[in-house]
Amino acid sequence: MELDTRAVHVINEPFQEGSWPLSVPLVQSSAFAFSSADELAEAMAGPDGRYVYSRRGNPTVRALEQTLAGLEGGAGAIAFASGMGAISGVLLALLKPGDRVVAQRCLYGGTYAVLSDLAARYGIHVTYISGDDTEEFEAAARHPATRLLVLETIANPTGQVPELPGLLAAARRTGVTSVVDNSLASPVLCRPLELGADVVVHSTTKYLSGHSDVLGGAAVFADDALRRAVWPRTVELGACADPFAAWLTLRGIPTLPLRMRAHCAGAAALAERLAARPDVTAVHYPWLAGHPSYAIARKVLAGGGGGLLSFELAGGREAGRAFIEGVRVAKLALSLGGVESLVTHPASTSHRELDAEALAAAGIAPGLVRMSVGIEDVEDLWADIQQALDWG
Ligand SMILES: *Cc1c(COP(=O)(O)O)cnc(C)c1O
């Protein structure tokens with residue numbers, strides 16, 4: 001079945017003989033009772049037995065895991081408390097001291113922080129590559145201790161789309177496990193497992209839940225043996241999904257394909273209009289002709305460039321700050337992927353401590369504004385952007 005259909009018919013376990021609820025039941029229980037010691041002991045053996053304790057498994061959480069595995073085309077999934085829970089859980093489960101990781105240079109800040117920490121404190125070596133060149137990966141992966149390749153389908157805020165087919169095939173050939181953060185594309189635009197990835201990770205906080213009301217994460221595995229190997233480590237870590245968070249995420253998933261189409265259409269229209277303004281010196285959106293990833297984005301993303309775009313204002317730091325304080329429809333907030341449009345300006349928020357030189361070294365233009373385009377009417381968003389630019 002097509003993704004639009006699979007998203008609506010989320011996985012729901014049998015509830016009662018002959019009738020069952022259309023909405024997945026929220027099983028808000030920490031533990032489950034048994035009448036037989038043997039059955040309880042047996043249930044504790046692995047990830048797929050009867051429910052014992054909700055850190056190990058819960059019916060609502062399992063419905064989310066099976067739904068996500070279905071959407072990504074994976075053999076199974078593990079849900080986490082947040083995207084960072086999923087990323088930390090997968091990295092900690094798969095790496096040991098002395099291992100080497102090859103990672104895309106433009107990574108989500110939290111992922112970069114975990115890799116830096118693992119490198120500084122656990123003797124793991126990280127080599128950064130551009131992500132645009134398969135041979136660069138092959139050279140980096142020549143070392144026999146290379147264990148993982150870490151990529152993102154669409155990077156933030158550059159909109160870079162790495163050379164996924166070539167890199168994932170090369171990782172397969174060289175026996176390196178590949179992990180792709182698919183949060184910004186969602187399974188609507190790209191399913192990295194179908195391109196050869198071993199693990200897909202998500203911040204379900206973003207497009208999958210889609211309503212800015214829940215934190216969550218997930219890892220989806222191409223091979224069920226890998227999921228079963230990772231599962232005990234994640235039970236130890238304890239960054240498990242809460243049933244209510246899983247329920248809210250399941251509440252968002254049926255409309256994911258519709259929302260994604262609206263995010264993509266809005267972002268593409270705004271990117272083109274912004275690029276035509278003289279006070280905007282650059283627009284970064286992978287679906288815009290001229291973006292460095294344009295060709296690969298058209299190949300690996302199905303039908304849109306996502307909902308996140310960034311642009312540089314000629315007026316620099318001052319203009320960026322005035323813009324994010326001047327918008328009325330869009331809100332000044334971190335995060336992305338929700339139904340409402342959000343804007344942020346790194347040089348006056350997350351990166352305000354950096355002087356001009358340090359900003360340049362981090363590759364962040366002083367007038368760079370990031371916008372997560374929501375599903376509002378695009379003319380209202382454009383009017384809002386124009387008044388904020390003219391006012392600033
Ligand atoms: C937000 C985000 C994360 C972290 O997810 P949380 O749910 O905030 O922990 C990881 N990767 C990407 C690409 C993200 O956008």
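**A tour from the ligand to the sheet**

Start at G83, where a backbone N or O atom lies 2.8 Å from an oxygen atom of the ligand. The model on screen is predicted.

Next, select S203. One of its polar side-chain atoms is 2.8 Å from an oxygen atom of the ligand. Then select K206, which has a side-chain N or O atom 2.7 Å from a ligand oxygen atom. On its own the ligand has 380 Å² of accessible area, and the protein covers 92% of that.

Now show the residues around the ligand, among them S82, M84, I87, Y108 and D181. Which helix gives the most to this shell? Helix 4, residues 83-94, does, with three residues.

Five strands run in the order 8-9-12-11-10, and their pairing is mixed. Strand 8 (280-284) and strand 10 (331-332) are the edges, each pairing on one side only. Select helix 11, residues 256-275: this helix packs on the sheet and touches strand 8, strand 9 and strand 12 (368-372). Its direction makes about 15 degrees with that of strand 9.

Zoom in on strand 8 and strand 9 (residues 308-313), which are antiparallel and joined by four bridges. Select V283 and look across to its bridge partner in strand 9, F311.

Finish at T344, in strand 11 (residues 342-344). Is T344 buried or exposed? T344 counts as buried because its relative accessible area is 6%, and the cut-off for buried is under 20%. Its side chain makes a polar contact of 3.4 Å with the side chain of T349. Other residues that T344 touches include I324, L332, L368 and V369.

Methods: Residues numbered from 1 in each chain as written. Predicted model: local features only at pLDDT ≥ 70, side-chain atom pairs only at ≥ 80, totals over all residues. Heavy atoms only, no water. Pairing = 2+ DSSP bridges. Helix = DSSP H or I, 4+ residues; strand = E, 2+ residues; numbered from the N terminus. Contact = heavy atoms within 4.5 Å. Axes fitted to C-alpha atoms, helices over the stretch in contact; angles between N-to-C directions. Buried < 20%, exposed > 50% of the residue type's maximum accessible area, 1.4 Å probe, protein only. Polar contact = N/O pair within 3.5 Å; in protein donor to acceptor, adjacent residues only side chain to side chain. Near = heavy atom within 4 Å. Areas by Shrake-Rupley, 256 points an atom, 1.4 Å probe, with all protein chains shown as cover. Lists of a residue's contacts leave out its neighbours within four places in sequence.
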